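I opened the notebook to record a set of look-ups in one structure. The entries follow in the order I made them.

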Amino acid sequence: MNALHNALAAIDAQPGDDDRTELAKAKARAQLTGYHQRYADAGYTPTAIEQEFHLPIINPGTGHPSKNFQQAGKIDVEVIAPSGEHHNLDHKTTSMDIADPAAVYWRQLAVESQVSMYALACWQQCRKVDGSVWDVIRKPTIRPAKLTKAEIKAIGDSSEYHGYPITVEDWEYVQVVGRENTHLYECRLTRDCLDRPLHYYQRRTVPRLDSEMLAWAEELWTVAKDIRETQIRANLCEKPETAWFRNSGACMNYGTPCEYLGLCSGSETPDNGMWDTRTRPHEELAVTSDETRWNVLTHSSIRCYATCRRKAYYRYELRLKRIDEEEKEATYYGSLIHVGLNAWWQTFLEDK
């Protein structure tokens, strides 16, 4: 149980103690408890965690490196599978169905380039992998619930809730408020994660053939060339942003406005006091970059460029970030899951 203990402790240690962050921590603890039950004995042995790479982008035709860009990323976990094969394991969270093998989510991942990018990076470092594992956790839709009088009475009679003991504070809360508090919500969600593991947790192995990695190397080189050509065109424009054309179809992805919508629509300007500049475009990585332009390509930045070039211009070329932007709940929850999983895997790595 050391792995689970370390995962829960890592989640609890994260900053945030208001109602919103405490609820997110409760969700993350419940999901890591279910994850531990599902995979503690699955037979995957970690060999490295959070391995960061900074590598040249190679022209497959000539073997020469790009003079303008390098590639970078961070591999969640490198593992030896029960079969003895070496895989990169990547954590994902989603709200979509993952229990059905033919679900849309899996079809979308089938064309995801991240596994190819990371496999190619390993190949360039002379440690070729056999493929990758998508390690997917489905986000819960369960929210804190209102309790019926019968449910409240049952809690008082048994001093338990979904098999977990309750505290005096829990009992006093439900009698006054008539709803689950954070602890009771966590008890119910934990029970659901334990009872429905296939609903919440799935892994899928994605083999990577040499031909597929070579195809990605061609694609990566082409993307780098395309971005450089856009940068050159921008330098020749009176308004550089016009070379980074907008995609209006991406302004409201997942029903949420793009953080740069105000800039694109003209209702805001970069110098209106609402924006700051990142010290480097990829704050999650240690890699440094040219301060005058975007020259480090990651999977996330390539996807951003493919989605909307104007968004990539603001985020990676100008490195703008909103000063007053609060961390969105989904982002905070995702970071908690990631921290918990790192601590969970680290326990197995240290026990080797």
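Does His162 count as buried, partly exposed or exposed, and at what relative accessibility? I note before answering that this is a predicted model.

**Entry 1. Backbone angles**

I found that His162 counts as partly exposed, because its relative accessibility is 36%. I placed His162 in the loop between strand S5 (160-161) and strand S6 (164-165). I looked it up for its backbone: phi of His162 is near 55°, a positive value in a residue other than glycine. Most residues other than glycine have a negative phi.

I then turned to Arg319, which is not a glycine either and has a positive phi of about 60°. Arg319 lies in the loop between H12 and strand S10 (320-322). Its relative accessible area is 5%, so I logged Arg319 as buried.

**Entry 2. Cysteines**

How many disulfides does a search of the whole structure find? I got zero. I checked two cysteines by hand.

For Cys126, the closest cysteine sulfur is that of Cys122, and I read 11 Å between the two sulfurs. A disulfide needs the sulfur atoms within 2.5 Å, so the sulfur of Cys126 is too far away for a bond. Cys126 has 76% relative accessibility and therefore counts as exposed.

Cys193 is in no disulfide, and the nearest cysteine sulfur, in Cys187, is 12 Å away. I logged Cys193 as buried, because its relative accessible area is 0%.

**Entry 3. Aromatic rings**

I counted 16 aromatic pairs. I picked out Trp294 and Tyr316.

Why is the pair of Trp294 and Tyr316 stacked? I read 5.2 Å between the ring centres and 25° between the planes. Planes under 30 degrees apart count as stacked, so this pair is stacked. I found both Trp294 and Tyr316 buried.

I also looked for a wider grouping. Trp294 and Tyr316 belong to one aromatic cluster with Trp244, Tyr260, Trp275, Tyr305, Tyr313 and Tyr314.

**Entry 4. Charges over rings**

I noted two arginines here. The charged end of Arg203 sits over the ring of Tyr39, at 3.6 Å from the ring centre. The charged end of Arg20 sits over the ring of Tyr332, at 5.9 Å from the ring centre.

**Entry 5. The enclosed space**

How many cavities of 30 Å³ or more are there? I found one. I read a volume of about 30 Å³ for the largest cavity.

The residues that line the largest cavity are Asn88, Asp90, Gln114, Val115, Tyr118 and Ser132. Strand S3 (86-94) and helix H4 (114-124) each supply at least two residues of this lining. H4 gives the most, with three residues. I sorted the lining of the largest cavity by class and got two nonpolar, three polar and one charged.

The C-alpha atoms of Val77 and Asn88 are separated by 6.0 Å, although the two residues are eleven apart along the chain. Val77 is in strand S2 (residues 65-80). I logged Val77 as buried, because its relative accessible area is 0%.

**Entry 6. An open pocket**

Which residues lie nearest the centre of the second largest pocket? I listed Val111, Glu112, Ser113, Trp216 and Glu219, from a lining of 15 residues. The second largest pocket holds about 260 Å³ of space.

I checked which elements give two or more residues to the lining of the second largest pocket, and found helix H9 (210-236) and helix H11 (299-307). H9 gives the most, with five residues. By class, I logged six nonpolar, four polar and five charged residues in the lining of the second largest pocket.

Conventions:
Residues are numbered from 1 along each chain as its sequence is written. This is a predicted model: local features need pLDDT of at least 70, side-chain atom pairs count only at pLDDT 80 or more; totals for chains, interfaces and linings use all residues. Side-chain values use heavy atoms; hydrogens and water are left out. Buried means under 20% relative accessible area, exposed over 50%, partly exposed in between (1.4 Å probe, protein chains only). On a 1 Å grid over the protein atoms alone, a cavity is a set of points where a 1.4 Å probe fits but cannot get out, and a pocket is an open set with protein on both sides within 12 Å along at least five of seven lines; lining residues have an atom within 4 Å of a point. Grid points are joined across faces, edges and corners, and a volume is the space filled by probe spheres set on the points. Helices (H or I, at least four residues) and strands (E, at least two) are DSSP runs, numbered from the N terminus. Ala, Val, Leu, Ile, Met, Phe, Trp, Tyr, Cys and Pro count as nonpolar, Asp, Glu, Lys and Arg as charged, and the others, Gly among them, as polar. Rings of Phe, Tyr and Trp (its six-membered ring) pair if their centres lie within 6.5 Å; planes under 30 degrees apart count as stacked, over 60 as edge-to-face and the rest as tilted. A charge sits over a ring if NZ of Lys or CZ of Arg is within 6 Å of the ring centre and within 35 degrees of the ring normal.
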